[in-house]
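I opened this notebook to record what I looked up in one protein model. The entries follow the order in which I worked.

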Amino acid sequence: MSWNDTVIAEFRANHGEVTTGGFGRALVLLHSVGAKSGVERVNPVLGRRSGDGWVVAASFAGAPSHPAWYHNLVAHPDTTIETADQGTVPVTASELTGPDYDREWAGFVGQSQTFAEYQKKAGDRKIPLVRLRRRG
């Protein structure tokens, strides 16, 4: 079982509480449809509540490229997330820019300095932030 599979199973078994990695209730399970394959995937990501939705960072642990789920959301922005408090939520993804990006990025770094380390590691790649707003 992969690390992601372990976290997903723990999230679902414990109603969103994940002790693996010390995440607690800070994760959402992000569903996305493959941009090329059309296959649905599920990824655990840190989901920060913000206004009328959530914001996730496509950090990929500071890798030089964006994670596959980011490309999937660009291709198919209408998707779902699983949350600890609200269950399965239909959402639409949109990338943040400008002052919205700056404010939300400061929130990620304030929550965990690991995000600042990821940005240093990513070099010239600016880590995208994606807002997930409830649909319907």
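I first sorted the lining of the largest pocket by residue type and recorded 15 nonpolar, seven polar and one charged. The model is a predicted one, and I kept that in mind throughout. The largest pocket holds about 670 Å³ of space. Of its 23 lining residues, I noted Pro44, Val45, Leu46, Ser59 and Tyr118 as the closest to the centre.

Which element gives the most to this lining? I found that strand 2 does, with five residues. Helix 1 (3-13), helix 2 and helix 4 are also among the elements that each supply at least two residues.

I then turned to the second largest pocket, with a volume of about 150 Å³. Its lining divides into five nonpolar, three polar and four charged residues; Arg25, Arg48, Arg49 and Asp85 are among the lining residues.

Next I examined the largest nonpolar core, which has 15 residues. Trp69, Ile81 and Leu132 have the most contacts inside this core. I listed the contacts of Leu132 beyond four places in sequence, and they include Leu30, Trp54, Leu73, Ile81 and Val91. A second, separate core has 14 residues, including Ala57, Phe108, Phe115 and Leu129.

My last entry concerns helix 3, residues 98-111. From first C-alpha to last, helix 3 reaches 20 Å, close to the 20 Å expected. Its buried residues are Tyr101, Glu104, Trp105, Gly107, Phe108 and Val109. I noted that their cover includes strand 2, strand 3, helix 4 and strand 6.

How values were computed
Residues are numbered from 1 along each chain as its sequence is written. This is a predicted model: local features need pLDDT of at least 70, side-chain atom pairs count only at pLDDT 80 or more; totals for chains, interfaces and linings use all residues. Side-chain values use heavy atoms; hydrogens and water are left out. A nonpolar core is a set of buried Ala, Val, Leu, Ile, Met, Phe, Trp, Tyr and Cys residues joined through side-chain atoms within 4.5 Å. Buried means under 20% relative accessible area, exposed over 50%, partly exposed in between (1.4 Å probe, protein chains only). Contact means heavy atoms within 4.5 Å. Helices (H or I, at least four residues) and strands (E, at least two) are DSSP runs, numbered from the N terminus. The expected span of a helix is 1.5 Å times one less than its number of residues. On a 1 Å grid over the protein atoms alone, a cavity is a set of points where a 1.4 Å probe fits but cannot get out, and a pocket is an open set with protein on both sides within 12 Å along at least five of seven lines; lining residues have an atom within 4 Å of a point. Grid points are joined across faces, edges and corners, and a volume is the space filled by probe spheres set on the points. Ala, Val, Leu, Ile, Met, Phe, Trp, Tyr, Cys and Pro count as nonpolar, Asp, Glu, Lys and Arg as charged, and the others, Gly among them, as polar.
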